[in-house]
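Here's a quick briefing to read with the model open beside you. It takes the cores, then a helix, then a pair of strands and a loop residue.

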Amino acid sequence: MTAADRPPSRMDVVKQHVEREFGATTAKRLDTFEDGTFYVTAGGWARLLSWAADFAVYLFCAFAGFVAFVLATRHSEVSDNAAVLTVLGLLFGVPVLYGLFFGNGRAVGAVLTGTRLVRVKDGRRIGFAACWAMLVRTVLFPGLLIALTVGGTIIDGSLSRISIDDSATRRLRAAGFVRLDGAGAADLRR
């Protein structure tokens, strides 16, 4: 049986309805969370710009912390160990502190790009895990990219969070496209 012989899947039918109502771009990015709820994935450029803005905020805050440390200790002797610990504290502490303001999935980068970071399981806010998510976004992810570029290794894994197009997902739900598990064509819009 070829792909042309198979009847369209329920998701294919929903994508056709979404394409008629919202356009091909939104329909291509339509997906479901693990619980079957629809969402629109954020575009690649939006995700990149969101990360870049958050990374810029991280660098600015870490630099400001470093300048504050230098100014506070300019007239006193500071051991090398204290200086190293302060720099490490800034590198890893700033994203954790920034993540405290990221629990609803909308840090500066997400606000600027109209995206939201949510749980893949059910689309809910990431909550306290935002501290870890911001550390991953600003410190570990760039480190991973460098390691992959230098080492050429492929890492396989699953995501626990995903960036969604916030406004497109809200429009989708407002139009009645909520869950994949509806019963019949009329339920596509509930």
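Contact here means heavy atoms within 4.5 Å. Keep in mind that this is a predicted model.

**Loop residue T41**
- You'll find T41 in the loop between strand 2 and helix 3.
- T41 counts as buried because its relative accessibility is 16%, and buried means under 20%.
- Leaving aside residues up to four places away in sequence, T41 touches R29, D31, R47, S163, I164 and D165.

**Strands 3 and 4**
- Strand 3 (residues 115-119) and strand 4 run antiparallel, with five bridges joining them.
- Across that pairing, L117 stands opposite S163 in strand 4; S163 is also one of the residues that T41 touches.
- Strand 4 (residues 161-165) is mostly covered, with four of its five residues buried.

**Nonpolar cores**
- Eleven residues make up the largest nonpolar core: M11, V14, V18, A27, L30, F38, V40, A168, L172, A175 and F177.
- Another core, of eight residues, lies apart from it and includes F102, I126, A133 and M134.
- In soluble globular proteins, nonpolar side chains tend to be buried together.

**Helix 3**
- Helix 3 (residues 44-72) has 29 residues, so at 1.5 Å a residue it should span 42 Å; its end C-alpha atoms are 42 Å apart, which agrees.
- The buried residues of helix 3 are S50, A53, D54, Y58 and A62.

Note on methods: Residues numbered from 1 in each chain as written. Predicted model: local features only at pLDDT ≥ 70, side-chain atom pairs only at ≥ 80, totals over all residues. Heavy atoms only, no water. Core = buried A, V, L, I, M, F, W, Y, C linked by side-chain atoms within 4.5 Å. Buried < 20%, exposed > 50% of the residue type's maximum accessible area, 1.4 Å probe, protein only. Helix = DSSP H or I, 4+ residues; strand = E, 2+ residues; numbered from the N terminus. Expected span 1.5 Å × (residues − 1). Pairing = 2+ DSSP bridges.
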